[in-house]
Amino acid sequence: MNYENSIDFAQKMDEQDELKSYRDKFYIPVINGKQTIYFTGNSLGLQPKSTQKYINQELEDWAQWGVEGHFHAKNPWFAYHEMFTEPISKIVGALPKEVVVMNNLTVNLNLLMVSFYRPTKERYKIVCEAKAFPSDQYALEMQVKSAGFNPEDALIEVAPREGERTTRHEDIIDAIEKAGSSLACVMIGGVNYFTGQVFDMKAITEAAHKVGANCGFDLAHGAGNIELKLHEWNVDFACWCSYKYLNSGPGGVSGVFVHERHCNNTELPRFAGWWGHEKETRFLMEKGFKPMKSAEAWQMSNAPVLTMAAHKASIDIFDEVGMDKLLKKQRLLSGYLEFVVDEISETYLNKSEGKWLEIITPRDWSERGCQVSVIAHGFGRALFDKLLNEGVISDWREPNAIRMAPVPLYNSFEDIYRFGEILIKAISQ
Ligand SMILES: *Cc1c(COP(=O)(O)O)cnc(C)c1O
């Protein structure tokens, strides 16, 4: 693609965009009377205009039916989660039986670790990322401790090499091979939340299996953002949240993947509740837990229907569009943002004076999704505040990193061009 940093080019791209009508299906936040340039779909996706209708449906059914809504609501609540099975399996590349929507992300990560981190005296280590998202760090630390091990010894953190921004795959594979028979589990974010780097989940899973360990991924930044083939890659388990790229609202429900081979293993240890029990006999309320032979077996509680209704509004949009079109546009958008940032850095800043914009996200499409992370050398928080004042909503990380994620459903090429204009002003002041 031959990009140009011009309004004509951006508008031409928008005209040719087969997904352009979807922007209008979302509420774009307005600040100071101006529509914002919203680049934080990786943090909290925007609200589909249809969400209210979906939630109202459940409120109305609750009003009309009371408890009978479990069976008589338009979408009967006792089986509400089942409506996600097909569309979610397409988003993450799974068999329908391998996915379920339940709880929240960190809760699910802990539940999955109960099943897939089964340490023994000899095999108790976990390979993970250094500086993983804090919630994941805490979860792993306490999983290790509650199994009676020392995190200092049990957690093998793989970090970027000195002077490098992203983690090398060979270093992850190397850490797995070195840990060998002491390795119980690999647990990595499929997409690094800071750099936007996408890991080669297939290769990592293969390496983990070769030494006899389980392998799972936190896909908070992956689901709805990158191409996933969890079943084919043989991943053991994964979980993600629905409020980032999946636009399902603050604190929205989380999704879980458990590979078929584990779904069929009813002996696998897990925490349990009535909603994971065999469906046919669930309401007999008999003694003895009999897990379903699907990811649903990890459910404990009945479905939180109101937050799931918001999830459904968004997932119906994903299902209508399909991941292929989203991926196609996403690559063009992130490529355009990359181009604009590079051009502005080269034209308006001087590296030898210590001022430049360094893109730390991998430049290869196969190693990134929507997100482009930039280190603004020679700038501080004032730069971010200027952008925000002009209506650019991005994410700032001290001391000087800006994370931006134009997303294919509601961001436009013009958004990126306009951002560039604002950026030029902000760095020139
Ligand atoms: C966003 C995010 C979380 C958030 O966890 P919640 O349980 O939804 O609060 C956890 N892990 C990663 C990697 C994330 O990006």
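**Close-up 1. Helices α1 and α14 come together with axes within 7 Å of each other, crossing at roughly 160°.** In this predicted model, helix α1 covers residues 7-16 and helix α14 covers residues 413-428. Angles over 145 degrees count as roughly antiparallel, so α1 is roughly antiparallel to α14. The crossing of α1 past α14 is right-handed. On the α1 side, look for I7, A10, Q11, M13 and D14, which meet F413, E414, Y417 and R418 of α14. Sorted by class, this contact brings together 5 nonpolar, 1 polar and 3 charged residues.

**Close-up 2. Helix α14 also meets α12, with axes that come within 10 Å and cross at roughly 20°.** Because angles under 35 degrees count as roughly parallel, α12 is described as roughly parallel to α14. Here too the crossing is right-handed, as α12 passes α14. By class, the contact of α12 with α14 has 15 nonpolar, 2 polar and 1 charged residues.

**Close-up 3. Helix α11 is largely enclosed by the rest of the structure, since 12 of its 17 residues are buried.** The helix runs over residues 305-321. At 1.5 Å a residue it should span 24 Å, and its end C-alpha atoms are 24 Å apart, which agrees. Which residues of α11 are buried? They are V305, M308, A309, A310, H311, K312, A313, S314, I315, I317, F318 and V321. What covers them includes the helices α2 (51-65), α4 (85-92) and α12 (323-348), along with the strand β4 (99-102). Just after α11 comes G322, with a positive phi of about 85°.

**Close-up 4. Q143 is a buried residue of helix α6.** Helix α6 spans residues 134-146. The relative accessibility of Q143 is 11%, so Q143 counts as buried, the cut-off being under 20%. Which residues is Q143 in contact with, leaving aside its neighbours within four places in sequence? The partners to look for are N110, M113, V114 and Y117.

**Close-up 5. N103 and N247 each have a positive phi without being glycine.** For N103, phi is about 50°. N103 sits in the loop between β4 and α5, the latter covering residues 105-116. With a relative accessible area of 23%, N103 is partly exposed. For N247, phi is near 55°. N247 is found in the loop that links β9 (237-241) and β10 (254-258). Is N247 buried or exposed? N247 is buried, with a relative accessible area of 4%.

**Close-up 6. A cis peptide bond joins E398 to P399.** Omega for this bond is near 0°. To find the spot, follow the chain from β14 (395-397) towards β15 (401-404), as P399 lies in the loop between these two strands.

Note on methods
Residues numbered from 1 in each chain as written. Predicted model: local features only at pLDDT ≥ 70, side-chain atom pairs only at ≥ 80, totals over all residues. Heavy atoms only, no water. Helix = DSSP H or I, 4+ residues; strand = E, 2+ residues; numbered from the N terminus. Expected span 1.5 Å × (residues − 1). Buried < 20%, exposed > 50% of the residue type's maximum accessible area, 1.4 Å probe, protein only. Contact = heavy atoms within 4.5 Å. Axes fitted to C-alpha atoms, helices over the stretch in contact; angles between N-to-C directions. Parallel < 35°, antiparallel > 145°, perpendicular 65-115°, else oblique. Left-handed = near helix turned anticlockwise from the far one by under 90°. Nonpolar A, V, L, I, M, F, W, Y, C, P; charged D, E, K, R; others polar.
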